[in-house]
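Biologist: I am new to this structure, and I would like to learn what stands behind the words used for it. Could we begin with one residue and the label it is given?

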Amino acid sequence: MRMITAIIRPHKYEELRDALIALGIEGITVTQVSGFGRQRGQTEIYRGAEYNVAEVPKVRIDVAVSAALAEKAVREIERVANTGKIGDGKIFVQPLEQVIRIRTGETNETALG
Ligand SMILES: Nc1ncnc2c1ncn2[C@@H]1O[C@H](COP(=O)(O)OP(=O)(O)OP(=O)(O)O)[C@@H](O)[C@H]1O
Ligand SMILES: [Mg+2]
């Protein structure tokens with residue numbers, strides 16, 4: 001299993017959610033976040049003697065998937081979230097050790113979907 005965390009542009013969220021549902025994912029956690037990448041939130045290349053860091057609003061999605069679905073999900077996030085402009089976001093993929101559905105006690109793949 002994998003935990004996929006993606007930081008995306010807020011206006012891309014609904015399209016991405018629907019695309020991931022179409023792939024077969026069974027849940028998403030979505031959080032409004034802010035942050036910066038290598039431009040430190042600035043849209044223009046640094047030229048001056050000093051510059052500011054500006055956190056930019058983003059949406060974070062966390063989705064736990066089977067290993068079999070992970071690659072497809074990552075590709076779908078890339079496809080939907082890409083505008084080609086700076087600030088499109090990042091995808092982080094981590095191994096996921098254990099999943100438990102609290103109501104039933106089901107675990108792992110059974111608890112995922
Ligand atoms: N190394 C990082 N660690 C944690 N979060 C990050 C990291 N890089 C980017 N992020 C998060 O992703 C958001 C979008 O980052 P962004 O797309 O600007 O990355 P980038 O590396 O600067 O790529 P680009 O050059 O395409 O802008 C940031 O606002 C931040 O929330
Ligand atoms: Mg950036």
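Modeller: Let us start with Ser66, which is buried, with a relative accessible area of 18%. Please keep in mind throughout that this is a predicted model.

Biologist: Why is Ser66 called buried?

Modeller: The word buried is kept for a relative accessible area under 20%, and because Ser66 has 18%, it counts as buried. Ser66 sits in the loop between strand 3 and helix 2, and, leaving aside its neighbours within four places in sequence, it is in contact with Met1, Glu109 and Leu112.

Biologist: What makes the pairing of Asp88 with Arg9 a polar contact?

Modeller: Such a contact needs a pair of N or O atoms within 3.5 Å, and the side chains of Asp88 and Arg9 make one at 2.8 Å. A polar atom of the Asp88 side chain also lies 2.9 Å from the backbone nitrogen of Gly84. With neighbours within four places in sequence left aside, Asp88 is in contact with Ile7, Ile8, Arg9, Ala81, Asn82 and Thr83.

Biologist: Let us turn to the helices. How do you know that the length of helix 2 is close to what is expected?

Modeller: Helix 2 covers residues 67-81, which is 15 residues, and from its first C-alpha to its last it reaches 21 Å. The expectation is 1.5 Å times one less than the number of residues, which comes to 21 Å for this helix, and the span of helix 2 is close to that value.

Biologist: Which residues of helix 2 are buried, and why are they said to line one face?

Modeller: The buried residues of helix 2 are Leu69, Ala70, Ala73, Val74, Glu76, Ile77, Val80 and Ala81. Viewed down the axis of helix 2, these buried residues fall within an arc of 165°, so they line one face of the helix. On the face of helix 2 turned away from the buried side are the exposed residues Ala68, Glu71 and Arg79.

Biologist: What covers the buried residues of helix 2?

Modeller: The cover includes strand 1 (2-8), helix 1 (13-23), strand 3 (56-65) and strand 4 (90-95).

Biologist: What makes one face of helix 1 the buried one?

Modeller: In helix 1 the residues Tyr13, Leu16, Ala19 and Leu20 are buried. Down the axis of helix 1 they fall within an arc of 130°, so they line one face of the helix. Those buried residues pack against strand 1, strand 2, strand 3 and helix 2, whereas the face turned away from them carries the exposed residues Glu14 and Ala22. After helix 1 comes Gly24, whose phi is positive, near 115°.

Biologist: Which residues come nearest to ligand 1?

Modeller: Of the 13 residues around ligand 1, those that come nearest are Gly35, Arg38, Gly87, Gly89 and Lys90. A polar backbone atom of Gly89 is 2.7 Å from an oxygen atom of the ligand, a polar backbone atom of Arg38 is 2.8 Å from an oxygen atom of the ligand, and for a backbone N or O atom of Gly35 the distance to a ligand oxygen is 3.1 Å. The protein covers 70% of the 610 Å² of accessible area that ligand 1 has on its own.

Biologist: To finish, what pattern does the chain follow along its sequence?

Modeller: The chain has 3 helices and 4 strands, and read along the sequence they follow the pattern β-α-β-β-α-β-α. Of its 113 residues, 28% count as buried, and the C-alpha trace spans about 60 × 25 × 20 Å along its principal axes. Arg40 and Ala111, which are 71 residues apart in sequence, lie 39 Å apart in space, C-alpha to C-alpha.

Conventions. Residues are numbered from 1 along each chain as its sequence is written. Chains are lettered from A and ligands numbered from 1 in the order in which they are written. This is a predicted model: local features need pLDDT of at least 70, side-chain atom pairs count only at pLDDT 80 or more; totals for chains, interfaces and linings use all residues. Side-chain values use heavy atoms; hydrogens and water are left out. Helices (H or I, at least four residues) and strands (E, at least two) are DSSP runs, numbered from the N terminus. Buried means under 20% relative accessible area, exposed over 50%, partly exposed in between (1.4 Å probe, protein chains only). The arc is that of the directions from the helix axis to the C-beta atoms. Contact means heavy atoms within 4.5 Å. A residue is near a molecule or strand if one of its heavy atoms lies within 4 Å of it. A polar contact is a pair of N or O atoms within 3.5 Å; within protein, one must be able to donate a hydrogen and the other to accept it, and residues adjacent in sequence count only if both atoms are side-chain atoms. Accessible areas come from the Shrake-Rupley method with a 1.4 Å probe; for residues, only the protein chains shown count as cover.
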